[in-house]
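Thank you for making time for this. I would like to walk you through one model, and I will take it a piece at a time.

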Amino acid sequence: MYFSNPQNENISCKAFKLDILSVCAAGCKADYITDFFKNRQIPCAENGNLAICAQQDDSRSLTYIEESRSLSDEKYILTTEFKDGRLYAHITFGAEHGLYYALCDLYRSVLDGEFRLGTVTEYPLFSVRGYIEGFYGTPWKQEQRLEMLEWLSAYRMNTYFYAPKDDPYHRERWSELYPSESLAHLQCVVDKAKECHVDFWFCIAPGLDICYSDEKQFAALVAKCAQLYAIGVHRFGLLLDDIPQELHFDCDRALYGETVQAHISLVNRLFDALTNLGAGIQLTVCPMQYHGKGDEYYISKLGQGIDGRISMFWTGNNICSQELTVPEAVRFADHTRHKPLYWDNYPVNDAEMCHEMHLGWYTGREPELYRYAQGVIVNCMPYYQCNRIPLLTVADYLWNPVQYSEEKSWQYAMSQVVGEDAETFAFFAEHLTVSCLKSEVSPRMVDALSQFDTLRRTQGVKVATLHLETYLRSVQSCCDRLNFCKGDELYMELAPWIEKFFVFKDILAQCCAYLHSGDLTCKVTISEKLRQFMRLPEVMTDFAFQAAVEAILNIEVL
């Protein structure tokens, strides 16, 4: 069994299977432990066969992370042993946040039916690990938002930015207060985040039409934030992305001269106003220029002009960056005097990426990046269920990037999200891995088509076709399972891509039929199906597959 890579693991650790009947708790947080499992429908009893004892230790060993030179409330040590028919788990933690993660580890083991025996010391290398609902398109439903908070917190994500572009009160109607019903929904999200030890950030995006020199508009901005502060929001995001580069109004041009000066003034004034609301206020700004080398005029001047306590979003070299590297982070920090907080546009697939489905693993981010960045916040897809697969690999990387194993993490994500159909689903998902992070797609398909071509040239069409049919049987088996599961929410989100995959299967089947028989009607069907396949906009193996099929159409079968 794969466990998320621990920072320090005793050599005796091994997988151990146990059917949990009930949990019993002891120690300084017995009631907290009992409530944790009861809320997840796991029974608790004095004679439970999973006995958990917790002990708090706020010394250096449980509150300080040597690698990142930082204090942390997320560190814990978990020791498990089996004796006398019971599994004993002892948790030593520095703060309740660490205890929560330890219990989440045990809960996942209960669900999986498999535990680690031995001792693990766990702590994060990235201090800020999270996700942003910041895409263009229909925002998630309220129940989805709440569910994702609890689900990702169990995999040790600790930050959530609320910034759906199509929430009218976030962007278009930023200056208006939330109506009572909408505010009540946000209150539920704030409360859920607190329960799950997730930092909730409310983002507001006034840049499309704000007059920076208008005191009434600034007062409206502060009033909006004060409304959110009243329901428990202490962290705010000011988003100045995707707006015109030039100032709209004559009065702004007269007062500020250029946009960056207006932005410096707005950011600093808002931070001062927010800190007057009360203690614990934090502010993150997404600048108008949010990608590049990090040494450009606007971003350098903005960074050096705003309060050093304010965080700055940055997406890297590009809007959707293939890589995030240490030298780039260092350059950004040198010129802005802020460590970058990465707004990483993966797995998001809005705008021109809407026909891609990003189901691949997180890659291209250097292991040592945690030393030079404040953290990473990844932007999600509108497809709620499909997010879960890539997001689990993100969570894995952010907790321990040094030990992160891409493919193992992806396989584990599949097992957690899809369950017993993980292997079959992974076969299908291989055809949907094209993104800004990864250009390779369908390695088994590419290998099958390459082997077919090699065998055709060396051993003849008959032998090559038998090899291709082996791959076709795997495709057919995958299609059968996809068809069986099509009512599931995950598969419903994938319906357009599944439809194209079925056409893909039909083309392969017709190719094999033609190679066996030489029937020219098969060639006609292949050509028609290939045109259908290419017309469907969903991204799926287009170039490699098209080239291989066109080559087969040119084979003369005797």
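Predicted model: local features only at pLDDT ≥ 70, side-chain atom pairs only at ≥ 80, totals over all residues.

Residues are numbered from 1 along each chain as its sequence is written, and side-chain values use heavy atoms, with hydrogens and water left out.

Let me begin with the largest pocket, whose volume is about 810 Å³. By pocket I mean, on a 1 Å grid over the protein atoms alone, an open set of points where a 1.4 Å probe fits, with protein on both sides within 12 Å along at least five of seven lines, and a lining residue has an atom within 4 Å of a point; the volume is the space filled by probe spheres set on the points, which are joined across faces, edges and corners. The lining has 38 residues, and those closest to the centre are Ser 127, Val 128, Asn 158, Asp 199 and Arg 235. Helix α5 (180-195) is among the elements that supply at least two lining residues, and α5 gives the most, with 4. Helices here are DSSP runs of H or I with at least four residues, and strands are runs of E with at least two, numbered from the N terminus.

Turning to the helix pairs, α13 (residues 422-429) packs against α15 (residues 461-484) at an angle of about 110 degrees, with the axes 10 Å apart. Axes are lines fitted to C-alpha atoms over the stretch in contact, and angles run from 0 to 180 degrees between N-to-C directions. That makes α13 roughly perpendicular to α15, a word that covers 65 to 115 degrees. On the α13 side, Thr 424, Phe 427 and Phe 428 make the contact, meeting residues of α15 that include Tyr 471 and Arg 481, where contact means heavy atoms within 4.5 Å.

In the second pair, the axes of α11 (residues 384-399) and α12 (residues 406-417) come within 8 Å and cross at roughly 130 degrees.

Finally, a cis peptide bond joins Tyr 346 and Pro 347, with omega about 10 degrees, and Pro 347 lies in the loop between β16 (340-344) and β17 (375-379).

Technical notes: Parallel < 35°, antiparallel > 145°, perpendicular 65-115°, else oblique.
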